[in-house]
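Colleague: Before I rely on the labels attached to this model, could you take me through what stands behind them?

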Amino acid sequence: MIKKILKALLVLIIVLAIGSWFFIQNNKPQYDGNLKLENLDNEVNIYFDEVGVPHIYSQNQHDAYVALGYVHAQDRLWQMELVRRISAGRLSELFGKDLVKTDKFYRGLGIENAAIKTIQNLDTTSQAYKLTQAYLNGVNQFIENGTTPVEFSLIGVEKEKFTIKDIYNVYGYMSFGFAHAQRTDPFLTNLRDKLGAAYLQDLQIDISSKTELIQNHYPKIKKKITSSLSTSVNDIFANSPIPPFIGSNSWVIGAKKTKNKKVIFANDPHIGFSQPAVWYQSHIITPDYEMYGFNLALTPFPLLGHNRNYAYGLTMFENDDIDFYKENENQSFTVRKETIKVKDGEDISFEVREGKHGSIMNDFIDIIDSDSPIAMDWIYTKLENKMLEASYVLSHSNSLSEFKNGASLIYAPGLNVMYGDAKNNIAWFASAKLYKHDNNVNTKFILDGSNGVDDQIKYLDFSQNPQAINPPWNYVYSANNQPDSIAGIMYPGYYLPEDRAKRIVNLLKPKNDFTKNDIELMINDIQSSVVPDLIPIIIENITKVNLTANEKEAIIILKNWKGDYKIDEIAPTIYTKFLYRFIENTFADEMGEENFKQFLKTHVYKRQIAKQIKSRKSIWWDDINTKQVKENRDEIFTRSLHETVTALEEQFGDDIKNWTWNKAITVTHKHAFDKVPSLKSFFNVGPFVTNGSNEVLNNQIFAINNNGIYEVTAGPSTRRIIDFSDIENSITVIPTGQSGNVFSKHYKDQAKKYLNGEFVKMMLNKEEIQKSKDKLVIEPIMN
């Protein structure tokens, strides 16, 4: 009897194993063999390289873009589905009531309404439009004929065909993700109303001109409102299944500073980590066109790319392109009705008022508590959207002049567009539709929408935007820091501190024989340019009386630290914990709990760190909770050290040798199913430990906190190095893998390389490419 049961169990196991094998095989992307597609003129051959990048050989661009759409969809259809739904406010259809708040917010912004208006005015005879439709045709043919990603089955959703409106919704989400006004302006307004001007004067609200600025080179050719708006927006980003866009590094080194006398291009955009990874790589080759590009989900033209003639990339400009206005309740508004469909729930309908300054945010952010309507005036929804045409021109340029014209078409989001070419030109363009307010208007606060002064603006011509073309110092760079003055002003924005910019300049300026290997080290660099200058100030101003043995040892470790965030170092653990204790001890008492939380989610706190540490006198030093004592910098530093060491002893034990950075920092690339316990380990990639930290070149972005475990949520979304002296051996890496299909061999095959600072080749050589074992032949269906 037992033998029969065991045999039956064995048979069942075998049947399940065979069934699972067939299921996996049938749901993998197709990397070889033959298939037929409609809307093709000629056969297309696709070679998938060792990391799954499709090299698409076609007789014309139309066929190439149909093929691109198909293979992009077979690797990333689930990602496409998510990203088209977020700015359209349709995530609740997939995930139920938990995403209603997010949907309501994006519906209120009016991104989809703006997309509809833009599409009505598109030139349907343009090459950009025709190739976009070819791409969409390929995507939709996969929906019709390809396999269904397992996520669709698990969540119970039917596939829907995509339209050009969905592409514009992707651009809308990207644009809003780059913006920071919605996280900062309401917070600062509340802080001003609560504490008064003296406290704000001591904050680094605007960038000091004494910090590292990106240099230009032009060639001779209110009423009170609480911080609940900031809180709500931050909560929406935190709960989103799609990663936000954060910051970036890029530098382009001119021929006079390289060993081989050819341009070297480097770029690593910083974006929220997720699985699948943000970028999809492809290489298109036709008789009249070639581009190795990096595409966002559901976008036909790459935002990062290179060929044998030129390379381009981007970082986030961080300019201010959103203004908030307190409106008069009695003014006239137009009203639009929105309805959200909710999985396993009833539809939710609401109305959004729109005035001359945009959507009234009170109507779609439930917890905003202002008696007056607050409007959001956003360049993206205010002006014509030209991102599709811009991305086409950037990826199809034949000269620096054409490329500059493409960069000028970008109104929002603000981007630093970087360029280098085989003719040894280098350039940087701060691309955005910039404008000036009256000199007395401070756009970092909520403005008066009824006084006829605060909303008077003058648009600047693109020729006035920050930019540098072939500067005499022979390099261009951007690291989300403040550009130098333009049009008589330091252009307002939400720029990051000088840390990464200073490190880039310090490495680039003295050296004139750069090689690709030097740039590999530089793009993975983990040394802070600022912390080594701050540590002596901290140590000098700590009271040395009654220190414990571990406190004395912690000071010695910090004193000997060079500011590098290696996983086996102890100093990063001590410094990061001290940093949080120092910031909380300095600011939390005046701000209050909720405002302090919002402060840590703005760039203001990052810019304030160095300024505050260096400030002997500051209104913030005094702890208002100790009425009989007026604290100074020494007392805050000393208290923070005591608390730091005590906390680390509780966390890691009394032996300070155990306080290494690898025990405090962790990174997981999370899938949309991360919150489903039974599925997260199957779809997530990680956890891992990593070198790096906030504001070093290998920018591993995390929120500082009191618990001492730092979960990295964003970082380099790709690292790219293009050396025009050896163009066929240009290199890249992405955080996880090329495919978003969990059954693909390329789902996470780059994860370890990425962590180790390694690279893979971006292949351009035809003979090398055609040696691939994975070849897919797509034949036209003949009518």
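What follows is a conversation about those labels and the values behind them.

Modeller: This is a predicted model, in which local features need pLDDT of at least 70 and side-chain atom pairs count only at pLDDT 80 or more, while totals for chains, interfaces and linings use all residues. Residues are numbered from 1 along each chain as its sequence is written, and side-chain values use heavy atoms, with hydrogens and water left out.

Colleague: Why is Asp 774 called buried?

Modeller: Buried means under 20% relative accessible area, exposed means over 50%, and partly exposed is in between, with a 1.4 Å probe and protein chains only. Asp 774 has 12% relative accessibility and therefore counts as buried. Asp 774 is placed in strand S29, residues 774–780, where strands are DSSP runs of E of at least two residues, helices are runs of H or I of at least four, and both are numbered from the N terminus.

Colleague: What makes the pairing of Asp 774 with Lys 745 a polar contact?

Modeller: The term asks for a pair of N or O atoms within 3.5 Å; within protein, one must be able to donate a hydrogen and the other to accept it, and residues adjacent in sequence count only if both atoms are side-chain atoms. The side chains of Asp 774 and Lys 745 make such a contact at 3.0 Å. Leaving aside residues up to four places away in sequence, Asp 774 also touches, among others, Tyr 31, Asp 32 and Phe 48, contact meaning heavy atoms within 4.5 Å.

Colleague: Why is H19 described as oblique to H22?

Modeller: The axes of helix H19 (residues 571–591) and helix H22 (residues 633–652) come within 8 Å and cross at roughly 130°. Angles under 35 degrees count as roughly parallel, over 145 as roughly antiparallel, 65 to 115 as roughly perpendicular and the rest as oblique, so that H19 is oblique to H22. The contact is made by residues including Phe 578 and Phe 582 of H19 and Leu 641 and Phe 652 of H22.

Colleague: What makes H4 a mostly covered helix?

Modeller: In helix H4 (residues 100–109), 9 of its 10 residues are buried, including Asp 103, Lys 104 and Arg 107. H4 is followed by Gly 110, whose phi is positive, near 80°.

Colleague: How do you know that Asn 398 is exposed?

Modeller: Asn 398 has 68% relative accessibility, and therefore counts as exposed. Asn 398 is found in the loop between helix H13 (387–395) and helix H14 (400–408), and H13 itself is mostly covered, with 7 of its 9 residues buried.

Colleague: Which omega values go with the cis peptide bonds from Ala 412 to Pro 413 and from Gly 686 to Pro 687?

Modeller: The bond from Ala 412 to Pro 413 has omega near 5°, and the bond from Gly 686 to Pro 687 has omega near 10°. Pro 413 lies in the loop between H14 and strand S15 (415–421), whereas Pro 687 is found in strand S23 (residues 685–688).

Terms used
Axes are lines fitted to C-alpha atoms, for helices over the stretch in contact, and angles run from 0 to 180 degrees between N-to-C directions.
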